[in-house]
Amino acid sequence: MLPTKIYEPLPYSYMLAGLISMALLPSLLGMMSGTLLFLAGALVWIVRSEHRREDDVFAERKNGPVPFWGYELLPFVCLLSSMTIFIMPFNQLYYPSAIILLIVGVQLWLTRNLQRRHRRALTN
C-alpha cells in the first residue's frame, strides 16, 4: 500500500505528466504518449470517484442517452482538446475555441467533483 500523500495525487500527476510530455515533445509520438498518460490519469480519477460514491440517487442516469464513459470522460476530453490546440502549431484563430474548451472542461470537472464530495459529506 502507498501512503495517502502519494496515492491520492496519482491521477493528477499522470495528467500533469501527460500535458508536460505533450508540451515538451511536440512530435506525434510525444503527443500520443502524452494523450495516453493524460487519459490514464482521467480513468484512474473516474474509477476512484465511482468507487467512492455511496449514493444511488443518480444511478438511472447511467442508463441515459449518453454512455457512461462518454459522460464521465467529457471534462477530460475538453481539457485535452484545449491543451492540444494550444500546443500544436495551429492557426491562432483556434485559440478562442481552446479557451472555451478549457473553461467548459474545468467547469464540468469542478462541478462533478464538488457534487460528489458534497454527496459524500451528506452521507457521513
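Colleague: Are W45 and W109 buried or exposed?

Modeller: Both W45 and W109 are buried, where buried means under 20% relative accessible area, exposed over 50% and partly exposed in between, with a 1.4 Å probe and protein chains only. Please keep in mind that this is a predicted model, in which local features need pLDDT of at least 70, side-chain atom pairs count only at pLDDT 80 or more, and totals for chains, interfaces and linings use all residues. Residues are numbered from 1 along each chain as its sequence is written, and side-chain values use heavy atoms, with hydrogens and water left out.

Colleague: How many aromatic pairs are there?

Modeller: Searching the whole structure gives 4 aromatic pairs, a pair being rings of Phe, Tyr and Trp (its six-membered ring) with centres within 6.5 Å, and planes under 30 degrees apart counting as stacked, over 60 as edge-to-face and the rest as tilted. In one of them, W45 and F76 have ring centres 5.5 Å apart and planes at 65°, so this pair is edge-to-face.

Colleague: And what about the rings of W45 and W109?

Modeller: Their centres are 6.0 Å apart and their planes at 50°, so the pair of W45 and W109 is tilted.

Colleague: Which residues do ring pairs link into a cluster?

Modeller: The cluster consists of Y12, W45, F76 and W109, linked by ring pairs.

Colleague: Changing topic, which ring does the charged end of R112 sit over?

Modeller: R112 has its charged end over the ring of Y71, 3.9 Å from the centre, the criterion being NZ of Lys or CZ of Arg within 6 Å of the ring centre and within 35 degrees of the ring normal. R48, in turn, lies over the face of Y7, at 3.8 Å from the ring centre.
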